[in-house]
Amino acid sequence: FHDYVGNWGWTIVLVTIVIKLILYPLAYKGMVSMNRLKDLAPKVKEIQEKYKDDKQKAGAKMMELYKKEGANPMGGCLPILLQIPVFFAIYRVLLNATELQGAEWMLLIQNLAEMDPYFILPILMGVSMYVQQRITPTQIQDEMQKKIFQWLPVIFTFFFLWFPAGLTLYWFVNNLFTIAQQYYVNTKFEKAKLARHEEHLAKKHKKD
């Protein structure tokens, strides 16, 4: 890519996009599974409250519910876990890449091997992480865990303030494409759910 574009910043952007496209089938499965689990969260909570004194029966009822609805409680985690080695490898490469020394990208980013002196990329990365968090379905019910989860974009932004600009650029572009993919999956899932609901109402009306 660098031979074609001649700029390490745009090379990072292009490589990130290619990786996201290659891993999209895995990401898609995980996102769909998380949407299904989010829809089942109220029923799961109801089961947990009903059988709070019998954990074994609660577990059996939840597995019965997942099987009936075609949801896999591990379906959202496994695809994400499979992607982590790839992203960690890119992280290590960018953290130690000598090619980025003195390499500029655009505007105020003049050295991708050093931290962004104006903190533009870390802040954009934090904002993108916040947006991604807002549109990603979650099963977290505990209020304390929710509050900790909400602070993650701030914590990551703080850490990325001192990271090389090239690494922060990679993470920012990765977040942007994850947001786009998540938005697409969420929209598609909601349309399919609405279609099923309308079909159910039509059948009920016809029966009546």
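From the N terminus on, the elements of the protein chain run α-α-α-α-α-α-α-α-α, that is, 9 helices and 0 strands. Helices here are DSSP runs of H or I with at least four residues, strands are runs of E with at least two, and both are numbered from the N terminus. The radius of gyration of the protein chain is 21 Å, well over the 17 Å that the globule rule gives for 208 residues, so the chain is more spread out than a compact globule. This radius is taken over C-alpha atoms, and the globule rule is 2.2 Å times the number of residues to the power 0.38. Along the principal axes, the C-alpha atoms fill a box of roughly 70 × 40 × 25 Å.

A word on the basis of these values is in order. The model is predicted: local features need pLDDT of at least 70, side-chain atom pairs count only at pLDDT 80 or more, and totals for chains, interfaces and linings use all residues. Residues are numbered from 1 along each chain as its sequence is written, while side-chain values use heavy atoms, with hydrogens and water left out.

Turning to the chain as a whole, 35% of the 208 residues count as buried. Buried means under 20% relative accessible area, exposed means over 50%, and partly exposed lies in between (1.4 Å probe, protein chains only). The accessible surface of the protein chain comes to about 13,800 Å², and carbon and sulfur atoms hold 64% of that surface. Accessible areas come from the Shrake-Rupley method with a 1.4 Å probe, and for residues only the protein chains shown count as cover. Among contacts with a separation of 6 or more, 75% are between residues 24 or more positions apart; a contact means heavy atoms within 4.5 Å.

A nonpolar patch on the surface is formed by M115, F119, I123, V127, Y130, V131, W151, V154, I155, F158, F159 and W162, which together have about 1,200 Å² of accessible area. The elements that give two or more residues to this patch are α6 (120-135) and α8 (152-160). Patches consist of residues with over 30% relative accessible area and no salt bridge, where like charges are joined within 9 Å and nonpolar side chains (Val, Leu, Ile, Met, Phe, Trp, Tyr) within 5 Å. A salt bridge is a side-chain nitrogen of Lys or Arg within 4 Å of a carboxyl oxygen of Asp or Glu.

F158 sits in helix α8 and is partly exposed, with a relative accessible area of 46%. I155 also lies in helix α8 and is partly exposed at 37%; its C-alpha atom is separated by 21 Å from that of P137, 18 residues apart along the chain. F119 belongs to the loop between α5 (77-96) and α6 and counts as partly exposed at 32% relative accessibility. F119 also has a positive phi of about 60 degrees, although it is not a glycine.

S128 gives a view of the buried side of the model. This serine is in helix α6 and is buried, with a relative accessible area of 4%. Its side chain reaches the backbone oxygen of M125 at 2.7 Å, and a polar contact of 3.1 Å joins the side chains of S128 and N175. A polar contact is a pair of N or O atoms within 3.5 Å; within protein, one must be able to donate a hydrogen and the other to accept it, and residues adjacent in sequence count only if both atoms are side-chain atoms. Not counting residues up to four places away in sequence, S128 touches F172, N175, L176 and I179.

Two further residues complete the account. A192, in helix α9 (residues 165-207), is partly exposed with a relative accessible area of 33%. Q48 is found in helix α3 (residues 24-50) and is partly exposed at 39%. The C-alpha atoms of Q48 and A58, 10 residues apart along the chain, are separated by 5.9 Å.
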